[in-house]
Amino acid sequence: MAPERGFQGETLLDVRDLKVHFPTPDGVVKAVDGLSFTVHRGETFGIVGESGSGKSVTNLTALGLVNRKAAQIEGEVLFKGRDLLKLTPGELRHVRGKELAMIFQDPFASLHPMYRVGDQLIEAVKVHSNVSKKQAEERVLELLGAVGIPRPRERFRDYPHQFSGGMRQRAMIAMALTHNPDILIADEPTTALDVTVQAQILELIDHVKREFDIGVILITHDLGVIADVSQTVMVMYAGRAMELAPKDELFRKPLHPYTWGLLDSMPRIAQKGTRLLPIEGAPPSLINVPPGCAFHPRCPHRFQPCDRERPAFADRGGGHPEACHLTIEDKRRLWAERDARRLGVAV
Ligand SMILES: Nc1ncnc2c1ncn2[C@@H]1O[C@H](COP(=O)(O)OP(=O)(O)O)[C@@H](O)[C@H]1O
Ligand SMILES: [Mg+2]
């Protein structure tokens, strides 16, 4: 069961105990290992974690884009009550694009370099709906306007290389919105962009979330990216959820030592003038995930049970589930001390 928490709004996606394991010649890659979360209409749900923590695999599985023959998939991905893991490839194709749409880090991966942007969008409109070319074109112009592409009638005839990185990402968002999906999944949508353009694209994602009344899953390795636009944040490590909380709560009162490490190592979060403290060590290979808590070898607060017992991902009060053996009291104290040190305040 996904833990209960505060966000009001229709539940769109309810992921329950999802496991995605890839058998390989070197061993089983446990890319996702027991993940539960819910996403609501009107919510931007941020998923954050270092590279290789299973963020993309989680969402590609939900979209049916992970080859079921190459992976052992368990659990449920309920989209408006229907388990996406039980759909046929044909049914999934229908859901994907029409009800759940995804954008990626590299818009070139989805835009064909040899065709005009407008024509590609027209094709996208026509895939799922029986409209004339003229109607499709009107819809595309409307969408290009909605995502803030200036002079859409002229830009419509451009090729992708004539668009800047930010404009290409806007075009991808337009394409994703073609069929009024309920959920937009954005996987590192701003990682390839420079900082000012990043901020504009995040603002646009926030704008379309409200305008189109959808839910958004925003995947990133950078806590700074979700700081402004997410309502809820899930922190992932080694294919597992470490902590899940309303965004403000996560930044003000984080409960998991891994989150503390992320906060201390993020340049945009740490205060100006304070030293950045990277988390020591590296994330584990997902073929050899450490026993007990996957984070314990890197955790400065590890103690007795951490290398043996896997802490349950559970809400220990306050609608803020996490997976750590420390008591809530210890966590509150340790974070207060750490936070004070970080801000240069005497404890
Ligand atoms: N088809 C596959 N076969 C084997 N391992 C895979 C496959 N796809 C992804 N992985 C592994 O799953 C892990 C999680 O990957 P991913 O979800 O892409 O991480 P993230 O998006 O958090 O950076 C990585 O170790 C990756 O190498
Ligand atoms: Mg990824």
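Student: Let's start with Lys-19. Which residue stands opposite Lys-19 in E4?
Tutor: Glu-74 does. Keep in mind that this is a predicted model.

Student: What joins E1 to E4, and which way do they run?
Tutor: Seven bridges join them, and the two strands run antiparallel. E1 covers residues 11-24, and E4 covers residues 72-79.

Student: And Arg-16? What is its bridge partner in E4?
Tutor: That is Glu-76.

Student: What order do the strands of that open sheet take?
Tutor: The order is E2-E1-E4-E5, four strands with antiparallel pairing.

Student: Which strands stand at the edges?
Tutor: E2, residues 27-40, and E5. Each has a single partner strand, so one side of each is left without a neighbour in the sheet.

Student: How many bridges join E4 to E5?
Tutor: Two, and the strands run antiparallel. E5 is residues 82-83. Leu-78 has Asp-83 in E5 as its bridge partner.

Student: What sits between the strands in the hairpin of E4 and E5?
Tutor: Two residues. Within that hairpin, Lys-80 takes a positive phi near 45°.

Student: Where does Glu-188 lie? I see a positive phi there too.
Tutor: Glu-188 is in the loop between E7 and H7. Its phi is about 50°, although Glu-188 is not a glycine.

Student: Is Glu-188 buried or exposed?
Tutor: Buried. Its relative accessible area is 11%, and the cut-off for buried is under 20%.

Student: What about Ala-238, where does that one lie?
Tutor: In the loop between E9, residues 232-237, and E10, residues 240-246. Ala-238 also has a positive phi of about 50° without being a glycine. At 4% relative accessibility, Ala-238 counts as buried.

Student: New topic. Which strand does E6 pair with?
Tutor: E6 pairs with E7, residues 183-187. The pairing is in the parallel sense, over four bridges. In E7, Ile-185 stands opposite Met-102.

Student: Which way do the side chains of E6 point?
Tutor: Leu-100 and Met-102 point one way, and Ala-101 and Ile-103 point the other way. In a regular strand the side chains alternate between the two faces of the sheet.

Student: Are those four buried or exposed?
Tutor: All are buried.

Student: Which residues does Ala-171 touch?
Tutor: Val-117, Leu-121, Ile-149 and Phe-163. That leaves out residues up to four places away in sequence.

Student: And how many residues separate Ala-171 from Ser-53 in sequence?
Tutor: They are 118 residues apart in sequence. In space they are 28 Å apart, C-alpha to C-alpha.

Student: Where does Gln-200 lie?
Tutor: In helix H7, residues 195-211. At 42% relative accessibility, Gln-200 counts as partly exposed.

Student: What separates Gln-200 from Gly-148?
Tutor: Along the chain, 52 residues. Their C-alpha atoms are separated by 9.9 Å.

Student: Zoom out now. How many helices and strands are in the protein chain?
Tutor: There are 11 helices and 10 strands.

Student: Why call the chain a compact globule?
Tutor: For 347 residues, a compact globule would have a radius of gyration near 20 Å. The chain has 21 Å, which agrees. Its C-alpha trace spans about 65 × 45 × 40 Å along the principal axes.

Student: How much of the chain is buried?
Tutor: Buried residues make up 52% of the 347.

Student: Last one. How many positive and negative side chains are there?
Tutor: The chain has 45 positive and 44 negative side chains. The centres of the two sets lie 2 Å apart.

Student: And the surface?
Tutor: The accessible surface comes to about 16000 Å². Carbon and sulfur atoms account for 51% of that area.

Methods
Residues numbered from 1 in each chain as written. Chains lettered and ligands numbered in written order. Predicted model: local features only at pLDDT ≥ 70, side-chain atom pairs only at ≥ 80, totals over all residues. Heavy atoms only, no water. Rg over C-alpha atoms; globule rule 2.2 N^0.38 Å. Buried < 20%, exposed > 50% of the residue type's maximum accessible area, 1.4 Å probe, protein only. Areas by Shrake-Rupley, 256 points an atom, 1.4 Å probe, with all protein chains shown as cover. Lys, Arg positive; Asp, Glu negative; His and termini not counted. Charge placed at Lys NZ, Arg CZ, Asp CG, Glu CD. Pairing = 2+ DSSP bridges. Contact = heavy atoms within 4.5 Å.
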